[in-house]
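Q: Please take a close look at a single part of this model, the place where the two chains meet, and describe it in one connected account.

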Amino acid sequence: MKKKLLLAYGSSIFLLMASMWLAVSMGSVDVPFSAIWDQEGNPRAYSILWNIRMPRAVLAGLVGAALAIAGAAFQGLLRNPLADPYTIGVSSGASVGAISTIFFGISLPVLGPYTLAVFGIIGAFLTLLIVLVFARLVDKSMKMETLILTGVIFSSFLGSCISLLTALSHEELKAVVGWLLGSVAMRGWSYVNILVPFLVIGFFILWLNRRELNVMMYGDERAASLGVDVVRRRYAILVGGSVLTGAAVSVSGTIGFVGLVVPHITRMIWGADHRHLLPLSFLNGASLLIVCDLVSRTIVAPQELPIGVVTAFVGAPVFAYIFFKQRRK
Amino acid sequence: MCVLKVEHISGGYQQTPIIHDISFEVQKGEFLGILGPNGCGKSTLIKIISGIIKPSSGRVFIDGTPIEKLSKRQLAKKMTVLPQIQNNAFPATVRETVEIGRYPHQTGFFSSWSEEDEKAVIKAMELTDVLKYQDTNVEFLSGGERQRVFIAQALAQSSELLILDEPTNHLDIAHQKQILDMIRREVTEHGLTVVAVFHDINLASLYCDHLLLMEAGRMKAYGEPHEVIIEQQLMEVYEARISTQAHPEQPKPQMAILPDFEDEKKEKTVSLSNIQMGADYVAFIADFPLKVLSSAVHNAGLGWYRTFINRTVPPEYDIENVQTEFMQYIMNNGFSPTNTVGMMTAVDTKKAVMKEYPASFGSLIVIVTAGIGGAVDVSRAYQQTVFQPIGTINTWVIINGKLSDEAFVQGMMTATEAKSKALQTENVMDKWSNTIATGTPTDSLLVAATQHGKYMQYAGPITEVGKMIGKGVYEATVEAIRIYKREMEQ
């Protein structure tokens, strides 16, 4: 048991290290990795590594981690292996929240640079509530398909809201809105700094509920009879997932399927125990998005693919596979 | 000690009350079954007891404490509720699943796994016999094994009160028995208290100490199984025709469904033409099964059979292997061993006396073979020390009519009295005591009825059917004894 855990964490950390190293080493300009410790000898290379590639890889990693643990939590809470921030429409809600601040010129001095993220989180949480209430109205047992269909409906609706806001906004805003469609490029360290506190808070909230997530896999009634305050815990987990999704979307836009693929594969290999599924999804989500970002900027170099294209390329088949397998049960 | 006390509870969902004024108590080490038709409120009652739904009035006490005074975790330590099992959304091993049961016992920020937790989990897996699968994914287990895993999870919770919603739903009889035997053992040997919802009335009657029968959210009956499993009551509540009967081994009533269909239109009667004479047997072969009560060698007791045979065996016949030998004999002669009642005698069955008596209710057939070599006076039999297995009077009474259970028993009595009277008339003596004999040591009697036509509740000597039994058995036995005497003289 201990050995298995050691292997799980060891291999996940190794994967993360390896993908970091790859992401920092590879790119349009050939830069030796050793320059990372050599500001004096090779200032240009040092600058590329520290100011362009590093923040980009770190941001990709943090966004991936945030989406992956949010996905793991949504799946566990809803007992639905197809739930993730993207498929249930929460990412779109976060986008609308974040874009609204720009469109309406909302700026709250108290929040400062965190304004976008906070509104993203509010958008995510409200969408989540509406989607869940609607899905429950449609079908009390909230079957897998019902939730996903509801997600599709709300994603489409919110997507057209985004388009409308974009069309109505000024030229310079269009660029801003543009990057909300999914990218971790050219963000620099400031975005990392915005994301980190929310990632910490969101992860901590979910981690406090790791054992409750395990218990709630057996249904709300059984969980209640095991002593879980189901209603309170459910809200806590929804808030935690919204914080992670909202913050991630506000710095990188909508990136689909990360929250679906990572928990699924992590669970398949290392088991469904949330005490380990959450931290392992964190590590693996980070690795996956770092690698996807690397692929997106190298595969058709010197041009770049949107990162969402790469994640969907991996994610959609996995989605299809899980759907197929679940339906045959 | 009263573990669970439900006091005048009513309630349900929002505006619609489902449960109306239900009260009962469950003592420590008691198994209570909740019965009732679909939609009668069984599941809602369970939800109120387990605190998931608040009752609109009334209270639930666990160990004397009202449940609303207990925290969720405290309640979870005292009471385990296992709802109907749903499929897992995600894979988990048996051990992981059972470990979930320890949740209420783990406290603190890091809530580490204690030795007590480990012990409880191992014990629960041992009791339910799933320890051997502990590292297997629950998905890969059969329905019965999976159910046992969830019961193990419930046992690992280590509370003294266990509430189960249809614990053996969808399981085959072996798994039903295994799980209920195990729960019953925990109740009897370790004082576990169990409340379970049942669909299967017979299982509930067999395993529970008390039953609560619900109808439209109210208590229809409460008590020991024999106080609840009552024909009229169940028919009212379930709106289905049923009949109750004794369990073969346990003092618990069982019920049988009485189907409402006519299987065939044609008239169902029997007559002397149903008799077939074989080389060493006489057989009565009906086109349909008759209800039979008999003391035969093969398929004795109460049952439904189509064929009765009475077979001649030589005096040196080996009685040791009679069951298997007789079964083989039945099959060799082309009869169905599961559909045939078999008797035997040392008398030549070609000499059987066969009579048919028309009667107001239909008719009655009597077939008798008599050998009286070892005739005894039953009132002096206690003086005899030597068993003489020679001579047997085999009597069949076959009635075109419908008999109640008591009529079957009275029919047996009437036939026996008529037989004794025949022995008296023929002056058959008990050679040992030198008094008039009442029968032989190995007499057999069969009373069969077509269960069609007129219903007869009694068959004593002065009922229509009793009169014919008395007359028929008396006349046939006298004639058979005379034939026997004539044979002996030659």
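A: Contact here means heavy atoms within 4.5 Å. By that rule, 29 residues from chain A and 30 residues from chain B take part. This is a predicted model, in which local features need pLDDT of at least 70 and side-chain atom pairs count only at pLDDT 80 or more, while totals for chains, interfaces and linings use all residues. Residues are numbered from 1 along each chain as its sequence is written, chains are lettered from A in the order in which they are written, and side-chain values use heavy atoms, with hydrogens and water left out.

Buried area is the accessible area (1.4 Å probe) that two parts lose on being put together, summed over both; for chain A and chain B this comes to about 2600 Å², 58% of it on carbon and sulfur atoms. On the side of chain A, the residues that lose the most area to chain B are A:Arg211, A:Tyr218 and A:Arg222, which together make up 28% of what that side buries.

The interface holds one salt bridge, a term that requires a side-chain nitrogen of Lys or Arg within 4 Å of a carboxyl oxygen of Asp or Glu. It joins B:Lys47 to A:Glu221, whose closest N and O atoms are 3.4 Å apart.

As for secondary structure, helices are DSSP runs (H or I, at least four residues), numbered from the N terminus. In chain A, helix H2 (43-78), helix H7 (188-208), helix H8 (210-216) and helix H9 (220-225) each supply at least two residues of the side that touches chain B, and H8(A) gives the largest share, five residues.
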